[in-house]
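User: I would like to learn how to read pockets and sheets in a model. Please take me through one case.

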Amino acid sequence: TTAYAEAKDSASENGYVDANPGTTVTPGDFSESPPPVDNENQLAVTVTQEVPTFFMAAFGFDSVSITKRAVAEYALPLAMGSDVPYFGQDPARGLSPNYWGNIHGYYTGRRMGDRFASQCKNGDARQNCEPNPEARPTTRNPSGDKNGWADFTGGYLYGIEVPAGASGLKVEIFDGAFNRGGNDRFLTGDQPQGSSAGPTTLFMLYGPDPTPLNTTDGNELLCVVTYAPQDNFADFDGDGDVGSWDGTAKKWRADPDDDQDWNGTGKDGWFDWNDVDAGLTSGVASLWDRMCPGVNFDKGPGIYPLRVIVKDPGTNDDRGLNRYSMRSSTTSTPQPRFYGLGDMAIYVNFAGQKATFNFAEVPEVHAGKELVIELWDPDSGNNGIKVTDPWGVVPQCTWTSTDGRSSGGSISCDYSYSPGFDNAHMQIRIAIPSTYTCPTTGCWWNIEVSYPNGANDTTTWSARIEGNPVRLVE
């Protein structure tokens, strides 16, 4: 309705008023005008006007009807992080894609790596902290709460892209709760901060919408799952014994039945990634939690937004670093895709030296524009990145940072830096050629991040295209 009204207003500004005699302005969307409209992000507008004639009046024609049509398309926000049905790692699959989803507690400091969910700039406790100027508070839409949590904003948005013909959508969350006894070096790496029990985390799934970044414009709220903070989940054999936290060694001492890491001579006494790798797949698999079983999520094809937020704790000192994974599936093919929308906070904790993942999907419609990549707090052993386009080619780029460093001009987008950008913002700009095309394998740009001594880092990544998101296609 809004798009149709805007189209008529725009035509009116150009002299074609729908209410005037002899003039009609007719918008048409995907449901009303196929063809020429090819998808739900396009709008056709047909303008018809009776135009007076001059020479033709001699033949009895005082006017003639002239019709013109245009079709415009809105480019969606960039998909980030994943071209598969899951976002983040599934330990039962192994360590791919080398990162977890991340959200920090309300009063955790931004310098810990979460650019948008952290409400504090430096990590001071509770409501007296210096505010994070980029924070996204957990707030309701000013219009009011229409449907429980339906109008809430903040946190991070993900997209589950369900193709036409797929049905039986299922969404699952791995370790959605913050674990108070977590450890940066194993499994999801939940990490306590301060004395609090930790944040309460919510996962909110909406029905499909052509504007997935705005969940307050009529989206149907399909499901809300709330996870209160809890103790560490190191009990994989189900006997109720979760071991104990060793404050001196800063490690989680394993229950003997959960300790699978023999090291050639015997159990090592600690619960860590080696135990997961040793074959605890059945226990790990039990940590997947299905969202709202029994609720029908089948609302047709499109992008289903999934919002992850932490509740505003009021005066409570709810801090802590919560990590998780998510996955989706359908009972019929083709399968969905699961990705970040525009930005994503991720956590990497692995023993390798490099992490490579799908960074952003840049469709051909963006040829001739500029890709802007932003990283908040790439530090903690991170000393370099490499960007490649869909053809595997390293492009030229420029970069600047809030700590005063810069590339000094156009360079190859494969470079090292020292020190890292602790509590700093780094921006990379890449000019997309006007001749830009994608191979048959897709339009994904990749990022390779170097960690010489192994990874233990939270970073917030953003990607956007600078240039008008609306283009004429006819």
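User: How do the residues of the lining of the second largest pocket divide into nonpolar, polar and charged?

Analyst: Ala, Val, Leu, Ile, Met, Phe, Trp, Tyr, Cys and Pro count as nonpolar, Asp, Glu, Lys and Arg as charged, and the others, Gly among them, as polar. Here the lining has 17 nonpolar, 4 polar and 8 charged residues. This is a predicted model, in which local features need pLDDT of at least 70 and side-chain atom pairs count only at pLDDT 80 or more, while totals for chains, interfaces and linings use all residues. Residues are numbered from 1 along each chain as its sequence is written, and side-chain values use heavy atoms, with hydrogens and water left out.

User: Which residues are the closest to the centre of that pocket, and how much space lies in it?

Analyst: A pocket is an open set of points on a 1 Å grid over the protein atoms alone, where a 1.4 Å probe fits, with protein on both sides within 12 Å along at least five of seven lines; lining residues have an atom within 4 Å of a point. Points are joined across faces, edges and corners, and the volume is the space filled by probe spheres set on them. The second largest pocket holds about 610 Å³. Among its 29 lining residues, Asn39, Asn41, Leu76, Glu161 and Ile303 are the closest to the centre. Strand S18 (337-341) gives the most to this lining, with 3 residues.

User: What lines the largest pocket?

Analyst: Helices (H or I, at least four residues) and strands (E, at least two) are DSSP runs, numbered from the N terminus. H1, S2, S3 and S29 each supply at least two lining residues, and S3 has the largest share, 8 residues. The pocket holds about 1300 Å³. Of its 39 lining residues, Ala3, Tyr4, Ala7, Gln42 and Leu43 are the closest to its centre.

User: What is the order of the strands in the open sheet?

Analyst: Strands of a sheet pair through backbone hydrogen bonds, either parallel or antiparallel. Two strands count as paired if DSSP finds at least two bridges between them. The 4 strands here are ordered S1-S2-S3-S29, with antiparallel pairing. S1 (23-28) and S29 (470-472) stand at the edges with a single partner strand each, so one side of each has no neighbour in the sheet.

User: How many bridges join S2 to S3?

Analyst: 11 bridges join S2 (residues 42-52) to S3 (residues 63-74). One pairs Val47 with Lys68 in S3. Helix H1 (residues 2-13) packs on this sheet, touching S1 and S2; contact means heavy atoms within 4.5 Å.

Terms used. Axes fitted to C-alpha atoms, helices over the stretch in contact; angles between N-to-C directions.
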